Amino acid sequence: SSDKYINYSQKRILMANYFVIGSSYLNNSYDLTWRKIQESAGLNSANGKAKCIDLEKEKFRMGNLDSLMFAATQIQKLDTMIESQLKKIERQVQDLNPGKETTFKIETRDSAGLTVDAYLHSFKWDDSKYPRNITISETIKEIAKKVHMIEADLRNKTQQFQDKKNLLTQLTKKDTGNLNTRDLTDVLKAPLCDKKDFVYSEYLTTLVAIVPKSNVELWVKSYESFADFVVPGSTKQFGTEDKDGLTLWRVVLFKMVQDEFIMNAKSQKITVRDFKFDPKALEERESQKVSLDSQTNKLQTLLLETCAQDYSELYTAYAHLKVLKLLSDCVMRYGINDKVITAIITPGNGKDRKIHQGLTKLFADPKNMDLYGTKEEIDDAEDFYPYAYVKFNV
């Protein structure tokens, strides 16, 4: 069930934002650095909350500077791809459940159904998914492979659902509209008429005409003259006019003149519909609708389950990729041998800037404070701080 992975709510859910940071130790002390981070940023208060992530950097095969630079480019491309896919799944679920806000759940090896917040604040590197004993480039390839497989499977299931939904829409659309467009199988049925009202033989046939209300008098007086060999007095009205002022009539005539009759009726703005009374056709159509409706519902349920599971799997990959980027940034910034502290931070509403100001004062040389800030503040292509910083955009 998708409920294992998604919570539905009628209320609007405010999404938190997250980022991870990394820095070398202050005075070679983990405890001091962590305490200073919390004090300077005003964390564990209204400003937000934070949790250290023990990445065990020594277990990763980081490679040399060239390989880290190349990996950074690959991470950026993959990061964009995963974010796009996650947002696509969010829109898909929203479209399948209009009017409801959704909260996705993350499945891990140790816990079932964690919120994104709980997952990130209890993050542990999962070696069963992404072993640390392979190179960063190989890890990126593994994540990319998984993302492509998920994307292809989801696209396939979405197409299956959409195809069935379109067929059902086309079928039910014929139940609406006026008499010129509606499926007459659903109109010409008991108690409005029965098989005695329609004549089909070797020589005779019955036509059904759609006559505008303004032309009814013309029809009644003139239909027998639309062709030779029209059975006199054979016209009969079924029901009353529809919402567009159209009325429904039948006429019996010889088959050999039906083309001439249809052409002359058209010249009088009267439409002869292609219809043959068949009670079995109605039964088959109703059966088809029930079958399509059932198939569509099953495919929608399957699609929801797939979206939920794929979101969990993709978000797990996304978090690992962000952490991998943080770790590689730390290595490029501080070197392979430096001890670093890494943490996940959830700012309070609108507190991002205040947190960064506090952390910048903590880690920056006072003479170089102007070098750091958001890309708008420093007029650069991206945010830059005196510590490694990676933002979650989903």
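At what angle do α4 and α7 pack, and how far apart are their axes? In this predicted model, the angle between α4 and α7 is about 160°, and their axes are 8 Å apart. Angles over 145 degrees count as roughly antiparallel, and α4 and α7 are therefore roughly antiparallel to each other. Their crossing is left-handed. The residues that form the contact of α4 with α7 comprise 19 nonpolar, ten polar and ten charged.

The chain as a whole contains nine helices and eleven strands. Its C-alpha trace extends over about 110 × 40 × 35 Å along the principal axes. The radius of gyration of the chain is 35 Å, whereas a compact globule of 394 residues would have a value near 21 Å. Of the 394 residues in the chain, 45% are buried. Among contacts in the chain with a separation of 6 or more, 79% are between residues 24 or more positions apart.

Helix α7 also packs with helix α2. Two packed helices are described by the angle between their axes and the distance between the axes. For helix α2 (residues 65-96) and helix α7 (residues 279-334), the axes come within 9 Å and the crossing angle is roughly 155°. That angle makes α2 roughly antiparallel to α7. The crossing in which α2 passes α7 is left-handed. In the contact of α2 with α7 there are 23 nonpolar residues, four polar residues and six charged residues.

Between Glu-284 and Gly-63 the C-alpha to C-alpha distance is 66 Å, and the two residues are 221 positions apart in sequence. Ala-308 is also placed in helix α7. The relative accessibility of Ala-308 is 0%, so Ala-308 counts as buried. From Ala-308 to Asp-66 the separation is 242 residues in sequence and 38 Å in space, again C-alpha to C-alpha.

A further helix pair is formed by α1 and α8. The axes of helix α1 (residues 30-41) and helix α8 (residues 352-363) come within 7 Å, with a crossing angle of roughly 135°. An angle over 145 degrees would count as roughly antiparallel, and one of 65 to 115 as roughly perpendicular; α1 and α8 are therefore oblique to each other. The crossing of this pair is right-handed. On the α1 side, the residues that meet α8 are Thr-33, Lys-36, Ile-37, Ser-40 and Ala-41. Their partners in α8 are Ile-355, Gly-358, Leu-359, Leu-362 and Phe-363. By class, the residues of the contact of α1 with α8 are six nonpolar, three polar and one charged.

Backbone geometry was also examined in the loops. Most residues other than glycine have a negative phi, and most peptide bonds are trans. The peptide bond that joins Ala-190 and Pro-191 is cis, with omega about 5°. Pro-191 is situated in the loop between α4 (136-173) and β6 (204-212).

Lys-269 has a positive phi, near 60°, and is a residue other than glycine. This lysine lies in the loop that runs between α6 (258-267) and β9 (271-273). The relative accessible area of Lys-269 is 67%, and Lys-269 is therefore exposed. Asp-379, likewise not a glycine, has a positive phi near 55°. The loop between α9 (375-378) and β11 (388-392) contains Asp-379. With a relative accessibility of 71%, Asp-379 counts as exposed, because exposed means over 50% relative accessible area.

Methods. Residues numbered from 1 in each chain as written. Predicted model: local features only at pLDDT ≥ 70, side-chain atom pairs only at ≥ 80, totals over all residues. Heavy atoms only, no water. Axes fitted to C-alpha atoms, helices over the stretch in contact; angles between N-to-C directions. Helix = DSSP H or I, 4+ residues; strand = E, 2+ residues; numbered from the N terminus. Parallel < 35°, antiparallel > 145°, perpendicular 65-115°, else oblique. Left-handed = near helix turned anticlockwise from the far one by under 90°. Nonpolar A, V, L, I, M, F, W, Y, C, P; charged D, E, K, R; others polar. Rg over C-alpha atoms; globule rule 2.2 N^0.38 Å. Buried < 20%, exposed > 50% of the residue type's maximum accessible area, 1.4 Å probe, protein only. Contact = heavy atoms within 4.5 Å.
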